[in-house]
Amino acid sequence: MSLTLEIDSLAPTGAARTAVANPVAASPAAVPAKATPAWRKGLHKAWKAVRRAQPGLLLAWLVIATVTLWAIAPGLFSGYNPVQGTSGQHLLAPSATHLLGTDGLGRDLYARVVHGAVHSLSGAFLAVTVGLLLGTTIGVLAGSVGGLVEDALMRVVDVLLAVPSLLLSLSIIIILGFGTLNAALAVGIASVAGFARLVRSEVVRVRRAEYVEAAFGSGGSFRSVLWRHVLPNSLTSVVAMAALQFGSAILSISTLGFLGYGAPPPTPEWGLLIAEGRNYISTGWWLTTVPGLVVVAVVLSANRISVAVSKGRR
């Protein structure tokens, strides 16, 4: 009897039995962790996105964003007049007063480069728009209609591709006349053949897809199928080519300006700046080096973005 009483006294009570069966319930309540602020979470996500992105691509976007701001609001970046010089300040080397030096007429080179962005970028944008619209129209007609229409249009495209783009641009600008607008139109017309050939090949590829055949089989008209199915799935690679052509258009417009077929003096166009500075290479190297580096940076940045767009749409 005494042994039984001792065993009963050693047995856990009701509360202790509950603690043994459910140790989590018996433990003291856990103190809730402090919530992370939303702004800190957003900053962390942004930093992770930056780390995942490629530094070269980020630099390319930074260059394009900078020159775009130059073109939109040049007065925010430089307070000097880009077309009027200051007496006694001819061919000054880069300094704190004039970041990129001055030219032979005492004009601030940094101000001329900044104000010249609007001429080069607007001309390149117009050129890409002309080439994209005309080339897409020709390519869609050739790829969707087929037959004699396709043969006729593609023979015209072959003739345009057989002529070097610079020679074709020079021929067109001689007919239209000099100036930034005419130079942009000439460059845009010279790029029509490339866009047309690409769009035609994409339309032919998409036209043979099963979902397009199903759309025609379900009673869809030619116009509705072309607008809803063929065009959206054919223009994906054209976006990458448009970015690539943007850089090429800047280079072509600068080349025409350098040759004297672009904007007339004293317009601060990048190609014209390089042409004006070549007479002072021995005494003012910055007059050609700086605008040339700006053109190279913008063209390379546009090409890098084009590569990223093409990879992202595969």
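**Exercise 1. Describe how α6 and α10 pack in this predicted model.**

Step 1. Start with handedness: α6 crosses α10 in a right-handed sense.

Step 2. Helix α6 spans residues 109-145, and helix α10 spans residues 192-207. Their packing angle is about 40°, and their axes lie 7 Å apart. Both values belong in the description, because two packed helices are described by the angle between their axes and the distance between the axes.

Step 3. List the contact. From α6 come Val 130, Gly 131, Leu 132, Leu 134, Gly 135, Thr 136, Ile 138, Gly 139, Val 140, Ala 142, Gly 143 and Ser 144. From α10 come Val 192, Phe 195, Ala 196, Val 199, Arg 200, Val 203, Val 204 and Arg 207.

Step 4. Sort these residues by type. The contact holds 12 nonpolar, six polar and two charged residues.

**Exercise 2. Find which residues of the largest nonpolar core touch the most other members.**

Step 1. The core has 48 residues. Trp 70, Leu 109, Val 113, Ile 250, Trp 270 and Val 298 touch the most other members.

Step 2. Ask which helix gives the largest share. It is α6, with 10 residues.

Step 3. Look at Trp 270. Beyond four places in sequence, Trp 270 touches Val 67, Val 113, Gly 116, Ala 117, Ser 120, Ile 250, Ser 254, Pro 291, Val 294, Val 295 and Val 298.

Step 4. Check for a separate core. Another one, of five residues, lies apart; its members include Met 154, Val 157, Ala 193 and Ala 196.

**Exercise 3. Decide whether Val 113 is buried or exposed, and list its contacts.**

Step 1. Apply the cut-off. Val 113 has a relative accessible area of 1%, so it is buried, the limit being under 20%.

Step 2. List its partners, leaving out neighbours within four places in sequence. Val 113 contacts Trp 70, Trp 270, Leu 273, Val 290, Pro 291 and Val 294.

Step 3. Take one pair. Val 113 and Val 294 are 181 residues apart along the chain, yet their C-alpha atoms are separated by 8.4 Å.

**Exercise 4. Locate the cis peptide bond.**

Step 1. The bond runs from Pro 265 to Pro 266, with omega near 5°.

Step 2. Pro 266 falls in the loop between α13 (236-259) and α14 (270-277).

**Exercise 5. Judge where the coordinates should not be read in detail.**

Step 1. Take the overall confidence. The chain averages a pLDDT of 81, and 79% of the residues score at least 70.

Step 2. Draw the conclusion. Where pLDDT is low, the predicted coordinates should not be read in detail.

Notes. Residues numbered from 1 in each chain as written. Predicted model: local features only at pLDDT ≥ 70, side-chain atom pairs only at ≥ 80, totals over all residues. Heavy atoms only, no water. Axes fitted to C-alpha atoms, helices over the stretch in contact; angles between N-to-C directions. Helix = DSSP H or I, 4+ residues; strand = E, 2+ residues; numbered from the N terminus. Left-handed = near helix turned anticlockwise from the far one by under 90°. Contact = heavy atoms within 4.5 Å. Nonpolar A, V, L, I, M, F, W, Y, C, P; charged D, E, K, R; others polar. pLDDT = per-residue confidence, 0-100. Core = buried A, V, L, I, M, F, W, Y, C linked by side-chain atoms within 4.5 Å. Buried < 20%, exposed > 50% of the residue type's maximum accessible area, 1.4 Å probe, protein only.
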